[in-house]
Structures are given as C-alpha cells and as structure tokens.
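Work through the exercises below with the sequence and the model in view. Each task is followed by its solution.

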Amino acid sequence: MTLTRPRVRGIVGESIIRPDGPPKVKGEFEYASDLWQDGMLHGATLRSPHAHARIVAIDTAKARALPGVRAVLTHADLPTGQLFGLMTSDQSPLARTKVRFIGDPVALVAADDERTARDACKLITVTYETLPPITDPIAALQPDAAPIHDSGNVIDAVRLVHGDPRASADVVVEGEYEVGMQDQAALGPEAGLAIPDDDGGVTLHIATQWLHEDLRQIAPCLGLPEEKVRLVMSGVGGAFGAREDVTLQVHACLLAIATKRPVRMTYGREESFYGHVHRHPARLFYAHGATKTGELAFVHATIVLDGGAYASSSPAVIANAACFAAGPYKVPNAEVWSVGAYTNNPPTGAMRGFGAVQTCFAYEAQMDKLAATLGMDPVALRMKNALADGDLIITSQPVAGSEPVSEVIRRANALPLPADGRASALELPGGAGNLTLGEGVVRGVGFAAGFKNVCYSHGFDDSCDARVRLERDADGPIAYVHTAAAEVGQGVVTVQLQIARTELGLERVVVLNADTNIGSSGSSSASRQTWMAGSAVKAACDLVNAELDLRAHDRGIPRDRIDALLDTPVEQRVTYRHTPTEPLTAATQNHGHVAFLFAAHRASVDVDLGTGLVKVVQVATAQDVGKAINPVAVIGQLEGGIAQGLGLAVMEEVILKDGQVKNASFTDYLLPTFLDMPPVVTDIIEHPHPDAPYGAKGVGEPPTISSTPAIVAAIRAATGRELNRVPVRPDDIVFGTVARSDWAVVPGTDPRTATRR
Amino acid sequence: MKLTVNGAPRDAEARDGESLLSFLREELALPGSKNACEQGECGSCSVLLDGALVCSCLVLAAACADKNVETVEALSTNETLHPIQQAFLDAGAVQCGFCTPGFIVAARALLASNPEPSDAEIREALSGNICRCTGYGKILEAVHAAAKARA
C-alpha cells in the first residue's frame, strides 16, 4: 500500500497571500495609532525649540491648572537618573540640564483628550539659556570644538588598514561626496498605548522593530524590573529603521504610571519628523588607484557621519560604513577612517542600508570616474574587479558560501532596456506640468553595484527564540508558531508560516502575535529576520518532528498517523544563533560579518536640461537572495527598496538650517509617488547560502543601496554634470552646482586632523 | 449632525473644527481610514463623499451633514472581499498595509469612472496616494486585475 500525503499548500518557494492581508484590505487591521481603550488618557510631548541650550527653569503651574489635565511631568518627576539609547545610553527620557536638538523632549502631559494635552504643553514655560549650536559634523570633531556631551563629540572612530595603503597606482581618481539626511517616512505614525497593571508594572502595546531591546531600555528608565514591564506588538505601519529606537515608549509608560490610567500617545506627521532618528548625512572623501588595465590598486576613504544629538545605533553605522567602503570589489590595499560626530542636528540612526548606502553612492561614482579615466566600459570595470569565492573584502574577511557578484552585475546589465520613445507627454520630466514637449530632454543610463552584511556583526550575540506547539483539535492537527519577530510589513509572519508548513507537512499553522512572553527574536533589521526567525522556526519544527518520530517508534504507530501521536501536544522551543563573528579590532581586519548580500542596478532616466527635472524611466535589477521563500514578497522588497533609493537620488531630504528641520511634513518632504516610480525589471538570483534556512540570505536592504548611485550615474550620463551630492536638485543639473565642505580632507586620513579651506 | 455612513444613517456630534477623518475614527469608531500626513498629501484617509474621492483629513466633519460617506469598511461583507480588495491581496500589493485602505477607495473611484484604465491612467489617478513599502508596481498589477475581474 502506498500512502500519499495530501499536498500542503503555501510552503517555501510559493507566492502566497499574507495572513495579515485580509484584515489590512478591509481596514480592520489594528495599527498602533488605532489602539483605543475606554477611559484612556491622551499623552503629548513638549519639545525643545532650541538646538542647544541649558534648561534654567520649568514652570508647569498653568498647564496643571488647565481643566482635563491629569499629569504634567518634567525631568524632576523621573523615577531614576537612568539614560537610554540603543548602543550608548546618552539620552534622558526628559531633558535634565541641557537640550541638544530642536525636538528634544522636555515635558509630558496626559489629559482627557488630545487637544487639551497639546494645549497644556503650550502653557508650560521653560526658561532656556541658549548655547551656540554645532551643526557641521567635521567642525564638531575638531579638538577645540565645544563638547555637546560630557564625553566629547566623537561618537566613534573606526580605522581600517588593509594591505599596504601606500601602494602605488597607474591612475588615481579623487572625489568628495555628500549624502543628505533621508527620512524613513513610514506612513504609520509612532503610537502606543500604556496600561498600568495592578502589580505596579505596566503593559505597553507598541509598534516597534525589536520588542526586547525596547524592554531593555524602558524598564530601567521606569525604575522597574523587566518582569513588571510587558510589551505587546501592535500593528506596524512601516519601519525602515525608524522604529528601532525608543521614541514615546518611556513617555507613555511614565504617564500611565503617574495617572494610574491607560495613556495613548500618537505622533502627528510633524512630530514624527522630530521624534524619530533619520539616516546619517555623510561627507565622504575618496581616492581610488588602479592599474592601466583597470585592476583596483587601492582605496583611500574618509567618511564623516553626522550622528546628531544622540548616538542611537551610530557606532554600528560607522563600522558598517568602514567595512563596506570599497564596494563588492577586490581591493588589495585600503585605508579608511569612518568617524561619527555628535552635533546639534536631529539624531540619526538606522535606516535601510545602514552605512552601506552612503559609501555606495561615493564608491560607485569613483568607479565611474575610474572607468572614464581608463577609457573602459563602467560595467566591464566592475566585472573585472568583482569579488569571487574566497576573495577578501577590505576587512580581510573572505566572501564564502554565496558570492555571485559578477553574476549579479552581468545579469542586471543583460536585462532589457526601456523603449526609446514615450507613450505620452505625461511621461516626460515634469509630467502634467507640461514643461517640455520633449525638446531638451536627454536619456541617460547608469549602473551601480553594492553589498552589505546580513545579520548583526562584530561579535554581537545575535539570537532568535522560537516555540512551535503541535496539537490536535476538533479539526485535526494544528501548529502554533511563536516568536518575537516584528512584522513591520516585510512579511516575516508569512515566512514563518511557510517554513512551519514545509517542515511539519501541515497546512493548519497559526503564527501567534509577537510579545515578550517569549525570548528575543532580535530586531527586524539588517535584512536578518528571514535568516534568524526562519532558522529558529525551522529548528523548532525539526525538534517537533523528532519527538513525533520518537513517539511513533515507542508506540509502534505509523509516523503518518499524526492524530494518534498527538494525544498530548508536542511543544519545542529553541534559541537559534548564527555563526559567531569576531569583534572589531584596531585595524578592522577580522571576520566581523556572517554573510554578504549583493545587488546591482541599472537605471535609465530622461532629464530636461532646461529645467533640471528628472524622470526615471526604468530601473533594472539583479539581486542574489539565496532563496526566495515567498517570491511575490521578494519582488515587493526589491521594488519598494528601489523606490526609497530613487527618493534619495532625486527628491528626499530633511532640510536643516541651524539644526531646524525646515520641511517636517509630507507637503515639503517629497516622497516618490506613482508618477515618480518607473517600471522595475527584476532578475532574482537564488544562490543558496549553506548556513541560511533553505539558503535564504535576506532581501530588504540591497535594493536601497545601489539603486541611488545607478540613478545618479544615469543623470550624469545625460548631463555631463559632476553631481557629487544626493538628492540631486534641479540646480545641480542646470547650473552644475557642486557640493564642497568647508574642510580640506586627505582621503584615508583622520577627519579630526582636517583643516579649514 | 445627521449623515449616512456606509449606507447606514448616523447621528453624532462633531467637535469644533473636527476633520471628517477624526470624526470617522474617533466618534464613529471606523478606524479603517488612516491618519498618515493629515494634510492631504498621502491619501491614506481617502473616502467617497457623495461619490467623490476626497481626503477626509481635509474635509470638515460639520460640512458632511446630510451627505453620504463611504469608507473602506463598506466594501466587504464579513465573508466576501470586494474584487479590488481581493486583487490587492492576490497581487502582493499589501505590505505594511497602512496606505492600503486609501488606495482601495481611490481605485474604486477610478474604476467607477474608467472601468479599463491604462497604466498611465492608473498612475495619474492614484498619484495622490503614497505607498512607502511597495514601490507601486504590485498596486498597478492589482488595479488591472480588479478591472479585469469586474469586466
């Protein structure tokens, strides 16, 4: 007799409908900003209007007297002096002696309704003694700069020395580059609901990327043990790095504990710009040397990242910028300084691409310059220098396991180009503005490749817990999967579902909501959650299967008589850890990373030379994902990441003047719309990594890394302009504006030794 | 204030200066319309007001007396999704989903007036809605698929 199992639908490799999809299309999915509890109060935050000032006095009497106000809190009400921060604890939940950026939280109000809470904030009088703000990160790094924090203005300085940096070359090209401040602009505003518990603790419903890291930071700031603070994942309306930091978490809990009432906090869009960290703006100084035949001889780079007022994840961004400073190429000799500065600008931290975005813009521009100098085709130059199996990156770590760099470059370049013409005048630069009928419009094509680490690097103890419970109910066997992995829209719930179905051979799988009743999954960041949560769920399923095998063997029951084996549930829990990595060393020569992700992009643009307006016509991309667990979701990550790369290339920038954000709204901070985003042509490469689940390495970040430089390269090809700064503005195209810092920096030297020009 | 919301007569009080978005979410407990920019730039709060597509964050609730409002919540019954909703699911046009209700309402307005829109017409009609996750490609597919399903 042959036993045939019914085919299980929705397994690894199929494009399936996400389980949170139906409530999302119906408008029933509960996002954090939809949280509601009868009798809840509404919280609001008073923020600093000064970039740098001492707090002399705070008078809250008028605010307290406003009818409907239930609590007004300042630093004097904080239960402890505890500071918080993702990697460095350097920020007080409410400013104590100093404010360090425009938007620094100073006081909190809880009131019966949101309007009363905001009105009460306006009745709080804070007396400040203003201090000169430092907003130029290179100036902030100089030894004579006034310290913004007691520790000084250097968040971290990473030096990397590879081979012999003094090696000579036949040709050398130099360049200075600048990357503006990008906002993650997740559509869902920051929001949470804190509910006081009878034991003196608090339960916080919150939209976050990393529940357990929030818990680690929140509990000490509340003066509570971690057991008394419970976190429950609420619906997340996009993240892209911005939800890795604590924003209103501590504030909502403080107000709930003070009032003994549930308190909801929701930022509006303007406050969201002040409330969360942004992508690090960067100044980059590069020199590339090569032989006459186009082999890279050396890379020298100095990278200055503006960390803003508080460190957030800057140390890791700084390290990443150094490690990936030379791109996915064989570079025998390199010297890199990557330094992050405290300034009085808004704080910066994680955003998709995390340090690799800024450097890719610079090194890919350098590769094009080199190709032009050598008279070589830019794609051929990249192919010639592409990392291959066993080659060392500039940290002396070999690429191994999955490293199809030349294949990624070749296949991206082989994708079909767009047609020459346009279907309608709407597709010209300026669109419905009708600024041109096609005269003065030039097509340009540009190419770029990039790479980045997946998972956490440099010795971080990176783990993910998973629990899988298999039981029997009236309808037969059913499995419950529980992790704390944050579903931020990317589809990690679907990935867990598909893996459990595949491993258990069972379609009835439920992925439970993430909370702190299970161990950490780590962050939904660093493109790591498919690898980490995927591996953990797979390992837990393996243990469940092993126990079923054992039961079948012990009882003499066939293994496929699953009902008979499940008289009691099977539950297994694992903590998955990836291969350990080495910590940073003095010269940054070590095996600091788990594995690498590669992508390449080719962009085609139309530029109106008269107005400087750009229409991106097509982006073609090849990306190695190891294995596409859910192919439709992979394409969604590629297309969505390219949209953010396009935004950085031609429109998105948080504009600052003396530390003040000048465009804290979606009217003034320009995001790509349907009309800005061109068709994307994708070629998904599946080159499995032996250590990843099914070989699936991760997807999310590479689309944002090399799409930006590819688009700018295309604009350069169309215009002949230098374009050393993103986002590219019409002025840069029409007038040939070039960005220059006030500093003379020799590439590869410490920016703390820079001299003013 | 009396008005019709999703086919049912409603009688509720709007606060001074309250937007239709806030009125729907806070007074009528209809949170499907989303609050992302609150100044008419992102379309997450799109509703139909007497059949016309509007950003409910820009409409005064008080101006909706005796009018007919349709939100995303009107589109499906418990069991059956509207073809546009189904098409968004099938195409993979939903990631975080915060923009999705607004896109679905806007797509419904488009298909009501133009049952077979071209790529360019879809892009133009939905250019008032911002999606930060998908890059719009799958949304384009979904609207075409919905048009086909309704034909």
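**Exercise 1.** How many residues does the contact take from chain B and from chain A?

Solution. This is a predicted model, in which local features need pLDDT of at least 70, side-chain atom pairs count only at pLDDT 80 or more, and totals for chains, interfaces and linings use all residues. Residues are numbered from 1 along each chain as its sequence is written, while chains are lettered from A and ligands numbered from 1 in the order in which they are written. Two residues are in contact if their C-beta atoms, placed from the backbone, lie within 7 Å. Chain B gives 41 residues and chain A gives 46 residues.

**Exercise 2.** In which sense do strand 3 and strand 5 of chain A pair?

Solution. They pair in the antiparallel sense over four bridges. A:Val72 has A:Val109 in strand 5 of chain A as its bridge partner.

**Exercise 3.** Find the residues in contact with A:Cys253, leaving aside its neighbours within four places in sequence.

Solution. They are A:Ala194, A:Val202, A:Leu204, A:Ile218 and A:Leu222.

Technical notes
Two strands pair if DSSP finds at least two bridges between them. Helices (H or I, at least four residues) and strands (E, at least two) are DSSP runs, numbered from the N terminus.
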